[in-house]
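I opened a notebook for this structure and wrote down each thing as I looked it up. The entries follow in that order.

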Amino acid sequence: MLTSSVETSSYGGSLAVDGSLSTRWASAEGVDPQWIRVDLGQAATVHRVKLTWEVAYGKDYRVEVSDDGTTFTTIKDVVGGNGATDDLTGLTGHGRYVRVVGTKRGTSYGYSLWELEVYGSTDSTGDTQAPTVPTGLAATGVTATTATLNWTPSTDNVGVSSYDVLRNGAVIANVAQPPYNDTGLSASTAYSYTVKARDLAGNVSAASAALAVQTPAGGGGQFVIAAAGDIAEQCTASSSSCAHPKTAALVQAMNPANVITMGDNQYDDAHLSDFQNYYDKTWGKFKAITKPIPGNHETYDDTPFDGYHKYFGSIATPQGKNYYSWDRGNWHFIALDSNDFVTHDNLAEPAQLTWLKQDLASNTKGCIAAYYHHPRFSSGDHGDNPDSALLWQTLVGAKVDLVLNGHDHHYERFYPQNVDGQKDPNGPVQIIGGTGGASFYPVHAAHAATAKLIHDKNGVLKLSMTDNTFTEQLIGVDNTVLDSSPTYTCH
C-alpha cells in the first residue's frame, strides 16, 4: 500500500484496506492532487471499486489501473462527487495495481477514506499449468556465513508469483524474484541448493538442478563504520567550544573502514571556502574513505551544492548524482539526497525514487543500510517529515535493516518501525545522529517507538557490522559510551 502523503502516522494508507470502518487513511491537508495505491498481489480484471469516504472526500477524482505500478490507465473519472459512499460498478480495467487520484477536494481538508475496496477476478482462476523449471542456478557470492544465489527466471502461461529456495532439501525461503541471500551459515561447510517456481494458482515446478556451495573458513565480514551528521560549524580547535575537532578525534580512534556523513557537513552556507577552512581541517583527514550525502545547508551555496561538489569531487557523485550505492562485505549501503523529499509536492515520483527501487531490486547483499539527511520520524525541533513517507515506505517494503539521518541536532535511536512509525521487528532501525558538531536543537516528547533520546551531547555513531548483524554505539567526546543498541540480525 502506497500513498502520496499522510496527515499523520496515525492515518497510514494500510488503514484504508484493513476491513474496518473505524480506521482510515488521511492525506496531507489542503493539497491537491493526492493519491492512494493498492497492490492486488497479482494481475486481475477489475469491474468494481467501492470508496467509503470520511468527511474529507474527493469531489473530483479518477480511478486508475497499472500492470507495473508506474504507468497507469484511467478506468473511471468522477466529477462533482458528494462524498459518503461511491460504489463504482461496470468498470473495465486490467492490472495488478489500482490507484485513486484525488484532483479536487470536497472540503478544505485533504482526502480521507475509511475503506477502499476492489472487486474483480484474478488471472490465475482455473490455471493448472506449472511454471517452467528454473535454470542457471549459481552462487554469485559466498562468505563464511552467507551465500548469494541467482538463477534464470521461469516462465508461466499466466505468471510466476514466487520461488521456493531449498537448502539440503528443505524450503528455507519464498522470494518474489532472484537473487536470494542465504545467511546464518556455518564456516567450512558444504550446502546443496535447489529452486522451485510457483504461480498464482499454487502450481509448483520441479526442482532446478542442484548447486553445491562450500563456505570458507573464518567469520569474515567484520568492519566498523563511523557516522554522524551536522558536523562543521565555522570554528576551529582554538575554541574550546568547537565540537567538530573533538568528534573527528573520535572517528580517528575508531579506525573505521568507512565514514558516513548524514548531511549538513559544513555550516552555514557550505561554500567551498568554508569546507576548506573548517571541515577539511578536522573530518577532512578521512576524506578518502568518506561516503557523504548532502543536507539542506549544502543547498544554501550561491549555486546549490557547488561547494559540496567541488570539495568532495567524485566522492560525492560516484554514479553521477547526489545519490548512489556502494557495498562492503555482505552490506549494501544506499546514500540518498533527501532534499528531493521535502518539496511538499508528492504528485510525481522523483527520479531518485525510481532509481532507488531499481537499486534495491538488483541488490545481492544480505544486509541493507540507507542514509539521508531529513528523518521520517523525529522527536527533535524539525519533527516528522511526511513528505518522505513514500521514501520510507519503499525502504520498509524492501526490508532495509538500518536507516541513518541527521537534520535535527540530537541523538535518537528508534526500535524497528513499520511504515506508520509503530514498533515492528520487521522494520528498519532508524537512528538520528545529528551530533557531529553543530549546536544543539531542542527536543519534544519522545515518540512511542523511541528507544533512546539524547539532546545535549556531541558524539559519533560507531557501527559494528558482520555478515548478518549490526550493533550501534554513540561515543561521546569524552570517549564514554552514551548509548548501545542490541545486536540486530539482518532481515
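**Entry 1. Charges over rings.** I count a charge as sitting over a ring if NZ of Lys or CZ of Arg is within 6 Å of the ring centre and within 35 degrees of the ring normal. By that rule I found lysine 287 over the face of tyrosine 311, at 3.9 Å from the ring centre. I also noted lysine 291 over the face of tryptophan 326, where the distance from the ring centre is 5.2 Å.

**Entry 2. Ground rules.** The model is predicted, and local features need pLDDT of at least 70, side-chain atom pairs count only at pLDDT 80 or more, and totals for chains, interfaces and linings use all residues. Residues are numbered from 1 along each chain as its sequence is written, and side-chain values use heavy atoms, with hydrogens and water left out.

**Entry 3. Aromatic pairs.** I pair rings of Phe, Tyr and Trp (its six-membered ring) if their centres lie within 6.5 Å; planes under 30 degrees apart count as stacked, over 60 as edge-to-face and the rest as tilted. How many aromatic pairs does the rule give? The count comes to 17.

For the elements, helices (H or I, at least four residues) and strands (E, at least two) are DSSP runs, numbered from the N terminus. Phenylalanine 275 lies in helix 2 and tyrosine 311 in helix 3, so this pair ties together parts that are 36 residues apart in sequence.

Are these two residues buried or exposed? Buried means under 20% relative accessible area, exposed over 50%, and partly exposed in between (1.4 Å probe, protein chains only). Phenylalanine 275 is buried at 0% relative accessible area, and tyrosine 311 counts as buried at 6%.

Next I took tyrosine 279 and phenylalanine 312. Their ring centres are 5.7 Å apart with the planes at 70°, so the pair is edge-to-face. Tyrosine 279 lies in helix 2 and phenylalanine 312 in helix 3, so this pair ties together parts that are 33 residues apart in sequence. I noted both tyrosine 279 and phenylalanine 312 as buried.

I also wrote down one aromatic cluster, formed by Phe223, Trp326, Trp331, Phe333, Phe470 and Tyr488.

**Entry 4. Tyrosine 371.** This residue is found in strand 20 (residues 367–371). Tyrosine 371 is buried, with a relative accessible area of 1%. I listed its contacts (heavy atoms within 4.5 Å). Leaving out residues up to four places away in sequence, tyrosine 371 touches residues including Ile260, Met262, Lys291, Trp326, Phe333 and Leu404. I also checked proline 428, which is 57 residues from tyrosine 371 along the chain; the C-alpha atoms of the two are separated by 12 Å.

**Entry 5. Helix 1.** Which residues of helix 1 (residues 244–254) are buried? They are His244, Pro245, Thr247, Ala248, Leu250, Val251 and Met254. These buried residues pack against strand 15 (223–228), strand 16, helix 2, strand 25 (459–465) and strand 26 (469–476). After helix 1 comes asparagine 255, with a positive phi near 50°.

**Entry 6. A sheet.** Two strands pair if DSSP finds at least two bridges between them. I found three strands in an open sheet, in the order 8-9-12, with antiparallel pairing. Strand 8 (135–142) and strand 12 (180–182) are the edge strands, each pairing on one side only. On average, neighbouring strands of this sheet are turned by 25° against each other, direction ignored. Strand 9 (residues 147–152) pairs with strand 12 over three bridges, in the antiparallel sense. Threonine 148 has asparagine 181 in strand 12 as its bridge partner.

Entry 7. Where are the cis peptide bonds I noted? One joins aspartate 32 and proline 33, with omega about -10°. Proline 33 is in the loop between strand 2 (25–26) and strand 3 (34–53). Another runs from tyrosine 267 to aspartate 268, with omega near 5°. Aspartate 268 sits in the loop between strand 16 (258–262) and helix 2 (272–282).

Asparagine 168 has phi near 50° and lies in the loop between strand 10 (160–167) and strand 11 (170–175). Phenylalanine 305 has phi of about 70° and is found in the loop between strand 17 (290–293) and helix 3 (306–312). Phenylalanine 305 counts as buried at 15% relative accessibility.

Notes. Axes are lines fitted to C-alpha atoms, for helices over the stretch in contact, and angles run from 0 to 180 degrees between N-to-C directions.
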